[in-house]
Amino acid sequence: MKIAFQMDPIGPIDINADSTFRLAEEAQARGHDLFYYTPQNLAYDEGRITARGQSLKVQRVVGDHAILGKETVVDLADFDVVWLRQDPPFDMFYITTTHLLDRLAPGTLVVNDPFWVRNFPEKLLILDFPDLMPPTTIARDLATIRAFKDRHGDVILKPLYGNGGAGVFLLNQADRNLTSLHELFTGFSREPLIVQKFLPDVAKGDKRVILVDGEAVGAINRVPAKGETRSNMHVGGRPEKVALTDRDREICARIGPLLREKGQIFVGIDVIGDYLTEINVTSPTGIQELERFDGVNIATKIWEAIEARGA
């Protein structure tokens, strides 16, 4: 197959952690041809969806992991699969790329399905499952946020469309910084904030469960660094081996059919204690850590799911 990866610049990635690299490595091992471009080089051009990029070969050599061909412009309709793998921010630029990639259907399979990526951002899809998530409010209005904090005491406040743990604050019951933080966020952004009741179980870790085509295939536990509330690996969280619990399986059984129906083949959900906190569909990570801990080739499972869809 001809496979295109729409992703952030490939040069700086950590090849021992990056999920996109692992997906490309597995695709290459399966004999597929690879092409790489950044989202800035995606375009609508007189009826065609084009990308300016380069042929790609990968190798597990630090600092020399991507062998790139001559830059060229391709028609993405000529490809079997396009991977939507750039990281948020989930802003209008990101959303526009999903609109353009929509136009490749049905001839080209885009993973994950861009229509539903656009309509299922990480912190909003969980609203379809209110009994699985902690008490939550999404608001820009300070009075609403303050009333929620008064009801629940310790809370986590973060940007609605943020990622990687950036801008996440723990505000305890006696904290007096809510107004200042609200002023800070609303001063540079028009997006709402999401506030959730603080879950003390986060000290034991924030579990990342990987689902492939709606089925749970394993999990890693991300433990916050000393002095941190955030467990994201981007900010020093430590990955640990962990088994799926009955509660994890219950959550996955509830959300899995919807993910499968909407073309969300590679998904990573976040679970703290008994609660679902995010459903990550934009550019989930964690497959390399899971493969090292469990010895299961998750990338193969993902490609098998794609091939089963007739790509």
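Modeller: Start with the salt bridge: a side-chain nitrogen of Lys or Arg within 4 Å of a carboxyl oxygen of Asp or Glu. Keep in mind that this is a predicted model. Glu278 sits in strand β17 (residues 275–280) and Lys123 in the loop between α3 (114–119) and β9 (136–139), so the pair ties together parts 155 residues apart in sequence.

Colleague: Are Glu278 and Lys123 buried or exposed?

Modeller: Buried means under 20% relative accessible area. Glu278 has 11%, so it is buried. Lys123 has 5%, so it is buried too.

Colleague: Which residue forms a salt bridge with Arg222, and where do the partners lie?

Modeller: The partner is Asp270, with the closest N and O atoms 2.9 Å apart. Arg222 belongs to strand β14 (residues 215–223) and Asp270 to strand β16 (residues 266–272). The pair links distant parts of the chain, 48 residues apart. Arg222 is buried at 4% relative accessible area. Asp270 is buried at 5%.

Colleague: How many salt bridges does the structure hold?

Modeller: It holds 22. Some share partners: Arg22, Glu25, Glu26, Arg30, Arg60, Glu291 and Glu307 are joined into one network.

Colleague: Now the backbone. Where are cis peptide bonds found?

Modeller: Read omega. Between Ala105 and Pro106 it is about 0 degrees, and the bond is cis. Pro106 is in the loop between α2 (92–102) and β8 (109–111). Another cis bond joins Val111 and Asn112, with omega about -15 degrees. Asn112 falls in the loop between β8 and α3.

Colleague: Which residues other than glycine have a positive phi?

Modeller: Glu46 is one, with phi near 50 degrees. Its place is the loop between β3 (42–45) and β4 (48–58). Asp213 is another, at about 55 degrees. Asp213 lies in the loop between β13 (206–212) and β14.

Colleague: Is each of these two buried or exposed?

Modeller: Exposed means over 50% relative accessible area. Glu46 has 76%, so it is exposed. Asp213 has 17% relative accessibility, so it counts as buried.

Terms used. Residues are numbered from 1 along each chain as its sequence is written. This is a predicted model: local features need pLDDT of at least 70, side-chain atom pairs count only at pLDDT 80 or more; totals for chains, interfaces and linings use all residues. Side-chain values use heavy atoms; hydrogens and water are left out. Helices (H or I, at least four residues) and strands (E, at least two) are DSSP runs, numbered from the N terminus. Buried means under 20% relative accessible area, exposed over 50%, partly exposed in between (1.4 Å probe, protein chains only).
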